[in-house]
Amino acid sequence: MAVTLRDVAALAGVSAITASRALNNSGYVSQQTRARVLAAADQLSYVPNAVASSLRSNKTQLFAFLTDITNPFWALVERSIEDAAQEGGYSVILCNTDEDRVKEARYIDLLLRMRVDGLIIAPTRGSTGILQTLARRQLPFVLIDRLVQGVVADSVRGDSRGGAYTITQHLIATGYRRIGIISGPLTVSTAEERVAGYKQALEEAGRAPDPSLILYGQYSESWGYQATQKLMARRSCPDAIFAANNFIALGVLEALHTSGLQVPQDVAVVSFDDVTQITSTRFLTTIVQPAAEMGRIAVRLLLDRLAGPDKAPEDIVLPVELILGSSCGCDPRAIAPARGGDVSLSGVAGRATDLLRG
């Protein structure tokens, strides 16, 4: 039979209410009494009933983070979310959505039944309805990396438009004339913002964006591969490709390698999000987002929302950074080291290096 709070109280010679106060460090209990209760709990191997406790307090001390955990970028964000949440007295449940709206909805339904205190969500496409439901249920949540049309909520994200503008400007300044972009789903805010920044840079350079060089699809390696094949099959194929995330970039590299094309001699390749999270060595010119800072701010927004349910929502846009590698064909002497590592001009380490051989 499981040991109960009353068993602990009886052994310590106190009331159940006093034992509860001592164990939960709530309300006044003398140091001697608290020590006696803790000793009794230890002697009986007492484990508090977390479900009953949460029903009494209306708090579970649990947050959940919903995202596609197959992308290493999100592993960096998740680590900082967990650290910041622990500092605030919360634990974090990690839910892998695989960019699938049905999985996302199922997880949110489960988390509502578990009575978690708040959610941090990298929303999938088509999330509007379920997020509006969360708002009606008054469960605090923070959008991370992406916005959702029709949903007003706290959010933190990198500057997707500004980063895409900067990296496209760099390609233009390096001398590329036909720059293609392979982006994610049209209904995901980051995919739209990165294309918008790309178009802005071209227009400011006096170039009309060519619709045939703009492809929307998935944030996946397979889509990067397929889209590259489509671009390179055109009569006027691109001399540079901007991959809108790290997985797309790997698919681009694989497709070019399969076609016998070299980077950057035949086609330059740049990326949004750091491929060194996958390959460990600098090769691609890329836009890097502050993953750790993004996670910490998401937790801060969630804690602030719990403390002030009626405050106005915040939308925080974090600056991103252009890191140069050899994949864009610019002067190697201008290449700056990636954070925490040295420059490598010999190719991407591991799997991506193999894609560039031959």
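**Terms and the values behind them**

Author: The structure holds 13 salt bridges. The model is predicted, so local features need pLDDT of at least 70 and side-chain atom pairs count only at pLDDT 80 or more, while totals for chains, interfaces and linings use all residues. Residues are numbered from 1 along each chain as its sequence is written, and side-chain values use heavy atoms, with hydrogens and water left out.

Reader: Why is the pair R79 and D83 called a salt bridge?

Author: A salt bridge requires a side-chain nitrogen of Lys or Arg within 4 Å of a carboxyl oxygen of Asp or Glu. The closest N and O atoms of R79 and D83 are 3.3 Å apart, so the pair meets the criterion.

Reader: Where do R79 and D83 lie?

Author: Both belong to helix α5, residues 72–87, and are four residues apart, about one turn of the helix. Helices (H or I, at least four residues) and strands (E, at least two) are DSSP runs, numbered from the N terminus. By that assignment the protein comes to 14 helices and 12 strands.

Reader: What makes R79 exposed and D83 partly exposed?

Author: Buried means under 20% relative accessible area, exposed over 50%, and partly exposed in between, with a 1.4 Å probe and protein chains only. R79 has 51% and therefore counts as exposed. D83 has 35% and is therefore partly exposed.

Reader: How do you know that R113 and D109 form a salt bridge?

Author: Their side chains meet at 3.2 Å, N to O. R113 and D109 both lie in helix α6, residues 101–114, four residues apart, about one turn of the helix. R113, at 57%, is exposed, whereas D109, at 42%, is partly exposed.

Reader: What makes E314 and K311 part of a network?

Author: E314 and K311 themselves meet in a salt bridge of 3.5 Å, N to O. Salt bridges that share partners join D154, R300, D304, R305, K311 and E314 into one network. The relative accessibility of E314 is 28%, so E314 is partly exposed; K311, at 26%, is also partly exposed.

Reader: Which residues touch the most other members of the largest nonpolar core?

Author: They are I179, I182, Y198, F242, I248 and V252, in a core of 45 residues. The elements giving two or more residues to this core are α8 (160–174), β6 (179–183), α9 (189–204), β7 (214–216), α10 (221–232), β8 (240–243), α11 (246–258) and β9 (268–272). A nonpolar core is a set of buried Ala, Val, Leu, Ile, Met, Phe, Trp, Tyr and Cys residues joined through side-chain atoms within 4.5 Å. A second, separate core of 24 residues includes A84, V92, I120 and I144.

Reader: With which residues is V252 in contact, its neighbours within four places in sequence aside?

Author: V252 is in contact with I182, G224, Y225, T228, I241, A243 and V269. Contact means heavy atoms within 4.5 Å. Among contacts in the protein between residues at least 6 apart in sequence, 68% join residues at least 24 apart.

Reader: Why is V188 called buried?

Author: The relative accessible area of V188 is 4%, so V188 is buried. Buried residues make up 49% of the 358 residues in the protein. V188 lies in the loop between β6 and α9 and, neighbours within four places in sequence aside, is in contact with R125, R146 and Y219. The C-alpha atoms of V188 and G126, 62 residues apart along the chain, are separated by 8.6 Å.

Reader: Is P309 buried or exposed?

Author: P309 has a relative accessible area of 57% and is therefore exposed. P309 is found in the loop between α13 (291–307) and β11 (315–318). Between the C-alpha atoms of P309 and P140, 169 residues apart along the chain, the separation is 8.0 Å.

Reader: Which residues lie nearest the centre of the largest cavity?

Author: N71, W74, R146, Y219 and N245 do, within a lining of 14 residues. The elements that give two or more residues to this lining are α5 and α9. On a 1 Å grid over the protein atoms alone, a cavity is a set of points where a 1.4 Å probe fits but cannot get out, and lining residues have an atom within 4 Å of a point.

Terms used. On a 1 Å grid over the protein atoms alone, a cavity is a set of points where a 1.4 Å probe fits but cannot get out, and a pocket is an open set with protein on both sides within 12 Å along at least five of seven lines; lining residues have an atom within 4 Å of a point.
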